[in-house]
Amino acid sequence: ASGPTDPTAEQPWWDPDVDGSFDPWTDTVLVGEHLVGKGARVVLRPSHRADAQDFFLDGLEASVAGVFHDVDGTVHIAVSVGDPEDEVDFAWQGRHHFFAPDEIEVLSVAPRQRAQ
């Protein structure tokens, strides 16, 4: 059977179109009791997995830009740090910092992400 890990498949496993069920701009992830996705406000709390540059961001507020899933099933939350005006520039350039769900504290979620 042909599939994402099948080397004979016509479409490479790393092609985003292989699984269209993931969309980082609309996907959400549960962080504590909050459903977090694009537009949520968070505080960054890098852990032992972080590199030295991540620790400079410890305690800063950020906006979630997207929720990414890697091929191993790990979730990465893309964030923009800074003033809202700066965040627009960084988003346009595709510049984000990435953190695991357990490395953020939720301040607020976007209205469409509130649990019913």
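Ground rule first: helices (H or I, at least four residues) and strands (E, at least two) are DSSP runs, numbered from the N terminus. I am working on a predicted model, where local features need pLDDT of at least 70, side-chain atom pairs count only at pLDDT 80 or more, and totals for chains, interfaces and linings use all residues. Numbering runs from 1 along each chain as its sequence is written, and side-chain values use heavy atoms, with hydrogens and water left out.

**Entry 1: the loop glutamate**

I looked up Glu-103 and found it in the loop between strand 6 (97-99) and strand 7 (104-108). Is Glu-103 buried or exposed? I get a relative accessible area of 5%, so I put Glu-103 down as buried (buried is under 20%, exposed over 50%, partly exposed in between, with a 1.4 Å probe and protein chains only). Next I listed its contacts (heavy atoms within 4.5 Å). Leaving out residues up to four places away in sequence, Glu-103 touches Val-43, Leu-44, Arg-45, Pro-46, Ser-47, Arg-49 and Ala-50.

**Entry 2: the overall layout**

I counted two helices and seven strands in the protein chain. Along the sequence they read β-β-β-α-β-β-α-β-β. The chain has 116 residues, and 34% of them count as buried.

**Entry 3: the sheet**

Two strands pair if DSSP finds at least two bridges between them. On that basis I find an open sheet of five strands in the order 6-5-4-3-7, with antiparallel pairing.

I then checked individual pairings. Strand 3 (residues 41-44) runs antiparallel to strand 4 (residues 61-69) over three bridges. In strand 4, Glu-61 is the bridge partner of Val-43, and Ser-63 is that of Arg-41. Strand 4 also pairs with strand 5, again in the antiparallel sense, over seven bridges. Ala-62 stands opposite Val-81 in strand 5. Strand 4 and strand 5 make a hairpin with five residues between them, and Gly-73 in the turn has a positive phi of about 90 degrees.

**Entry 4: the core**

For a nonpolar core I take buried Ala, Val, Leu, Ile, Met, Phe, Trp, Tyr and Cys residues joined through side-chain atoms within 4.5 Å. Which residues touch the most other members of the largest one? Of its 18 residues, Val-36, Leu-44, Val-79 and Ile-104 do. Strand 1 (28-31), strand 3, strand 4, strand 5 (75-81) and strand 7 give two or more residues each. Strand 5 supplies the largest share, four residues.

**Entry 5: the rings**

Rings of Phe, Tyr and Trp (its six-membered ring) pair if their centres lie within 6.5 Å; planes under 30 degrees apart are stacked, over 60 edge-to-face, the rest tilted. I found two aromatic pairs. Trp-25 and Phe-68 are edge-to-face, 5.4 Å centre to centre with 90 degrees between the planes. Trp-25 is in the segment before strand 1 and Phe-68 in strand 4, so this pair ties together parts 43 residues apart in sequence.

With centres 5.6 Å apart and planes at 75 degrees, Phe-68 and Phe-98 are edge-to-face too. That pair links strand 4 with strand 6, 30 residues apart. I noted Trp-25 as partly exposed at 41%, Phe-68 as partly exposed at 25% and Phe-98 as partly exposed at 41%.
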